[in-house]
Amino acid sequence: LPCSKQIFIHGFITNEGQKMSKSLGNTVNPLELAEKYGTDALRYYLLRYIHPFEDSDFSIANFIETYNADLANGLGNLVARVSNIIEKNFDGKINIGAKAGNDLIEVDKNLENYEFHLALQLINQAVSAADILIDREKPWQMVKTDPKKAGEVLSTLAGSIMLIAEKLKPFLPVTASKIVQQFTAAKIVKGESLFPRV
């Protein structure tokens, strides 16, 4: 293979404001974190909150807070809510519709520019937009009075989730694969939580 024509060098990572060193005893073992919380959770934090070009700070407390807020309560909760409603009210069968709102094309441009934090910020915004849609339309209630409309809403939400999963593949390959398998199965079921709350 030819040599790379680009070199990417990120900044230093400190631990709670201090330089990491063995003498200070404040090093962080990424393998332990990955084993406890999953590789995708660790990848997410490092790519979303560690700046690609500047020095950044890491702390276990911030990592756990981010895990709960962005992954457990954010992406994981959205996937669980939508799949649960589809499973209970539509026998797990729904057409995957067009995504709602942003098509996330900017994510690809961010990747080309190594702006991983900005790419994940856009994906998070898509998760939030889907949450706003489900909270506004309340398809779990709508299905009792207007099942057709509820189906359309869920179809749009499923489309948004599939788009989010597609854009997450470079960042969270395991999670993205699970979401795609879940929403392309013969029946969509809630299944296990993607990110159990810590």
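Analyst: The largest pocket has a volume of about 250 Å³. In this predicted model, 17 residues line that pocket, and those closest to its centre are Lys-178, Glu-192, Ser-193, Leu-194 and Phe-195. Two helices, α2 (39-49) and α8 (173-184), each supply at least two residues of the lining. The most comes from α8, with four residues. Sorted by class, the lining of the largest pocket holds seven nonpolar, six polar and four charged residues.

The second largest pocket has a volume of about 190 Å³. Its lining consists of Phe-8, His-10, Ile-13, Leu-42, Arg-43, Leu-46, Leu-47, Ile-50, His-51, Pro-52 and Phe-116. Here α2 provides the largest share, four residues. By class, eight residues of this lining are nonpolar, two are polar and one is charged.

Phe-116, part of the lining of the second largest pocket, also belongs to the contact between α4 and α5. In that contact, Glu-106, Val-107, Asn-110 and Leu-111 of α4 meet Phe-116, Leu-118, Ala-119, Leu-122 and Ile-123 of α5. The contact residues divide into seven nonpolar, one polar and one charged. The axes of α4 (residues 105-112) and α5 (residues 116-137) come within 8 Å and cross at roughly 165°. An angle over 145 degrees counts as roughly antiparallel, and α4 and α5 are therefore roughly antiparallel to each other. The crossing of α4 past α5 is left-handed.

Methods. Residues numbered from 1 in each chain as written. Predicted model: local features only at pLDDT ≥ 70, side-chain atom pairs only at ≥ 80, totals over all residues. Heavy atoms only, no water. Axes fitted to C-alpha atoms, helices over the stretch in contact; angles between N-to-C directions. Parallel < 35°, antiparallel > 145°, perpendicular 65-115°, else oblique. Left-handed = near helix turned anticlockwise from the far one by under 90°. Contact = heavy atoms within 4.5 Å. Nonpolar A, V, L, I, M, F, W, Y, C, P; charged D, E, K, R; others polar. 1 Å grid on protein atoms, 1.4 Å probe; cavity = no way out; pocket = protein on both sides within 12 Å on 5 of 7 lines; lining within 4 Å. Points joined across faces, edges and corners; volume = space filled by probe spheres on them.
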